[in-house]
Amino acid sequence: MTRASSSTTPTEETFAPQNPSPPPIPTSIPKDVVIIGAGLAGLSTALHLARTSTHHITILDGQKLNDQVEGKTTAGSFAAAGMLAPHSERLPTGPLLDLCLKSRDIYSDFVSAVEDMAQKSGAEGFPFLYKSPNGDDDDNKTPWDVGYISSGGFLAPAFAGDVVATWAPPPSSNAIWLDKNQVRELEPRLHGDVVGGWWFPEDASVDARKLTCSLRAACVGMGVQFLCGEECGGLVKSLELG
């Protein structure tokens with residue numbers, strides 16, 4: 001038997017990296033679904049997929065979500081009026097009106113589900129819930145409340161010769177014409193020249209800012225990944241689907 005030469009005995013240097021270097025910045029992230037934009041449309045799509053499939057979902061947005069929560073945002077979803085009012089918008093009869101009416105009719109179930117999931121999102125989702133930049137949050141509302149209002153309807157005041165006064169409701173509409181006195185009973189501060197108005201008792205509204213934030217919390221609770229701000233534009237250069 002021959003003894004092994006000392007020169008072949010493993011040492012710490014044997015396993016030491018010859019050219020140590022930092023790990024490379026990833027240039028791709030495997031995902032099933034990538035959604036661009038963390039607004040109402042993108043968030044609703046992501047949440048639906050998270051609830052009904054096993055897809056791995058990532059949402060990309062150029063702005064940091066914390067900036068949007070704090071009111072430092074240019075996001076359209078924070079500027080939307082939140083009208084769920086296809087009849088008040090006086091849409092013509094056709095597929096678009098039919099779609100909007102169907103959406104309005106199921107909106108109560110939708111927002112109830114969003115609020116429930118936002119509430120259950122826990123410590124991960126709560127930071128994304130809406131906070132008023134003026135500190136005037138309604139103490140009677142829960143943080144995940146989206147401000148959905150389905151009672152009272154909408155009133156469209158009419159003035160002589162304008163498009164409201166000359167408009168005729170489609171057969172599907174439950175719009176009710178109110179004369180000048182009836183309109184002013186509902187809205188006493190209307191201008192004296194008002195001649196009447198259409199009341200749309202079924203139209204509703206939602207606080208788009210609160211809905212956006214509760215959707216984000218709900219998405220986080222369902223495992224949706226967000227890449228926003230610098231994470232979106234600098235770290236990830238491409239996305240590999242599959």
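## A tour from Ser205 to the cores

Select Ser205 to begin: this residue is buried, because its relative accessible area is 18%, under the 20% cut-off. Keep in mind as you click around that this is a predicted model. Ser205 sits in strand 8, residues 204–205. Now show what surrounds it. Apart from neighbours within four places in sequence, Ser205 is in contact with Gly82, Leu84, Gly147, Tyr148, Ile149 and Phe154.

Next, pick out helix 4, residues 95–119. From first C-alpha to last, its 25 residues reach 35 Å, close to the 36 Å expected at 1.5 Å a residue. Centre on Ile106 and you'll find a bend of about 50° in helix 4. Which residues of helix 4 are buried? Colour Leu97, Leu101, Arg104, Tyr107, Val111, Ala113, Val114, Glu115, Met117 and Ala118. To see what covers them, bring up helix 2 (40–52), strand 4 (83–84), helix 5 (122–125) and helix 7 (208–221), which are included in that cover.

On to the largest nonpolar core, which has 28 residues; Ile59, Val224 and Phe226 have the most contacts inside it. Strand 2 (33–36), helix 2, strand 3 (57–61), helix 4, helix 7 and strand 9 (225–228) each give two or more residues to this core. Zoom in on Ile59: beyond residues up to four places away in sequence, it touches Ile35, Gly37, Ala38, Gly42, Leu43, Ala46, Val224, Gln225, Phe226 and Leu227.

Last stop: a second, separate core of nine residues, with Phe154, Ala156, Ala158 and Trp167 among them.

Conventions: Residues are numbered from 1 along each chain as its sequence is written. This is a predicted model: local features need pLDDT of at least 70, side-chain atom pairs count only at pLDDT 80 or more; totals for chains, interfaces and linings use all residues. Side-chain values use heavy atoms; hydrogens and water are left out. Helices (H or I, at least four residues) and strands (E, at least two) are DSSP runs, numbered from the N terminus. The expected span of a helix is 1.5 Å times one less than its number of residues. The bend at a residue is the angle between axes fitted to the seven residues ending there and the seven starting there. Buried means under 20% relative accessible area, exposed over 50%, partly exposed in between (1.4 Å probe, protein chains only). Contact means heavy atoms within 4.5 Å. A nonpolar core is a set of buried Ala, Val, Leu, Ile, Met, Phe, Trp, Tyr and Cys residues joined through side-chain atoms within 4.5 Å.
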